[in-house]
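User: I am new to this structure and would like to know what stands behind the terms used for it. Please show it before we start.

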Amino acid sequence: MSKKHFSWLLIVTLVVAGLILLVPGKTGRESSFEKRELMPELAAGVNELTFVRLTAGGGEVIASLERSEGKWRVQEASSYPADWVRIKSLLSDLSQAEVIEEKTSNPEYYSRLGVEDVALEGAGGIMISFADETGIAAVIAGNQASGRDGQYLRLQNSEQSLLIDRELDLPGERMQWLDRGIIDIADSEVVEVTTRHPDGEVLSATKTSADDTDFVLQNIPDQGEIQSNWTVNAMAGSLAGLELDDVKPDSEFDWSEATVFTVLTADGLQVNAELLMQEESAWIRLAALAYQPAEPDQPAKDQTEDQAEDEAEEQPEELDKDRAQEINQRVSGWAYRIPRHKYDTMTRRMEDMLKKPETS
């Protein structure tokens, strides 16, 4: 081999070697570490769990989740139903999580990972604990890993902090553990809305059928003009996708001066909503029933008997009893704090619907 060829070969070898050194590789500790299950005992008994508690820094209990009669509930919210989808996600992730790296065992560094004892004020993690009889160790979920996938955790009975292969959905607010959906009546279903105020004022808007585009505001005073069709139509969507911001037993409130908002749907469902303000917060309680539209007693003068019979046949034969029962099973006995804009829409008065008179 010539000296020229040898020199070029040497240069190429040195360049390749340099590139290899620049490529990040696994440390000896990482390359020798074998993945393992985080909580095999949880995986074995996850379907039998009946209690999970979430505790934040300073020992503050976020939520005590208890399963009874096949339903998870939040003890601190008067045992209101919990968000099963969120609980299922958390338990599934924990039971399937794998440890991909061991981190510090020095308590002085726990706070950097958010896995310090949650009894300490200002602790950053959330402890997930189980009933004593399960024998499943509590785990402190800390920070998400920086610059890589995963989350830091520490089993409470161990000094060793760990990095797992996933991130947990673990909100630190109690309301996020409740089943927040209250009711969902789409505006396209509604044919009539009525608001009855304690002082006797009644506001009502109707459609001839659910296929109509706009609602018609009833009993508009002489010279009155509605602000817009949107202002009237918005009332019909008040119970669409309604979610709670808080919940309490309805017995904790005085409903004697409540405003009553009523929705009627084309398929025979009536929902009555009582609304009140307490300490700047809007609260609502609900009740549903199936209704039967009144049938004409006698044909109108300009109607034949056949025409009257045809109209009667068009009335819904099947009342929406099942839906009313499902709603009542969910909402009976509860009062919900709701967004203020929802409250304002359901408690409008005639003056809120009309254009302001022009001043000269």
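Analyst: The questions below go from the whole protein to single elements and one residue.

Analyst: This is a predicted model, in which local features need pLDDT of at least 70, side-chain atom pairs count only at pLDDT 80 or more, and totals for chains, interfaces and linings use all residues. Residues are numbered from 1 along each chain as its sequence is written, and side-chain values use heavy atoms, with hydrogens and water left out.

User: What makes a stretch a helix or a strand, and how many of them does the protein have?

Analyst: A helix is a DSSP run of H or I with at least four residues, and a strand is a run of E with at least two, numbered from the N terminus. By that rule the protein has 10 helices and 20 strands.

User: What makes a residue count as buried, and what share of the protein is buried?

Analyst: Buried means under 20% relative accessible area, exposed means over 50%, and partly exposed lies in between, with a 1.4 Å probe and protein chains only. Of the 360 residues in the protein, 39% are buried.

User: How do you know which residues Arg-337 is in contact with?

Analyst: Contact means heavy atoms within 4.5 Å. Leaving aside neighbours within four places in sequence, the residues in contact with Arg-337 include Glu-243, Asp-245, Ser-281 and Trp-283. Ser-281 is 56 residues from Arg-337 along the chain, and their C-alpha atoms are separated by 6.8 Å.

User: How do you know on which side of helix H8 its buried residues lie?

Analyst: In H8 (residues 321–331), Ala-324, Ile-327 and Val-331 are buried. They cover an arc of only 65° around the axis, so they are on the same side of H8; the arc is that of the directions from the helix axis to the C-beta atoms. An α-helix has 3.6 residues a turn, so residues three or four places apart point the same way. The face of H8 turned away from the buried side carries the exposed residues Lys-321, Asp-322 and Gln-329. The buried residues of H8 pack against strands E11, E18, E19 and E20.

User: Why are strands E1 and E5 said to stand at the edges of their sheet?

Analyst: The open sheet has 10 strands in the order E1-E6-E10-E9-E8-E7-E2-E3-E4-E5, with antiparallel pairing. E1 (36–37) and E5 (80–81) each have a single partner strand, so one side of each is left without a neighbour in the sheet.

User: What makes E8 and E9 a pair?

Analyst: Two strands pair if DSSP finds at least two bridges between them. E8 (residues 139–144) and E9 (residues 151–155) run antiparallel and are joined by 4 bridges, so they pair. Val-139 has Leu-155 of E9 as its bridge partner. E9 also pairs with E10 (residues 161–164), in the antiparallel sense over 4 bridges, and a hairpin of 5 residues joins these two strands.

User: Why is E9 described as largely enclosed?

Analyst: In E9, 5 of the 5 residues are buried, so the strand is largely enclosed by the rest of the structure. Gln-151, Leu-153 and Leu-155 point one way from E9, while Tyr-152 and Arg-154 point the other way, and all are buried.
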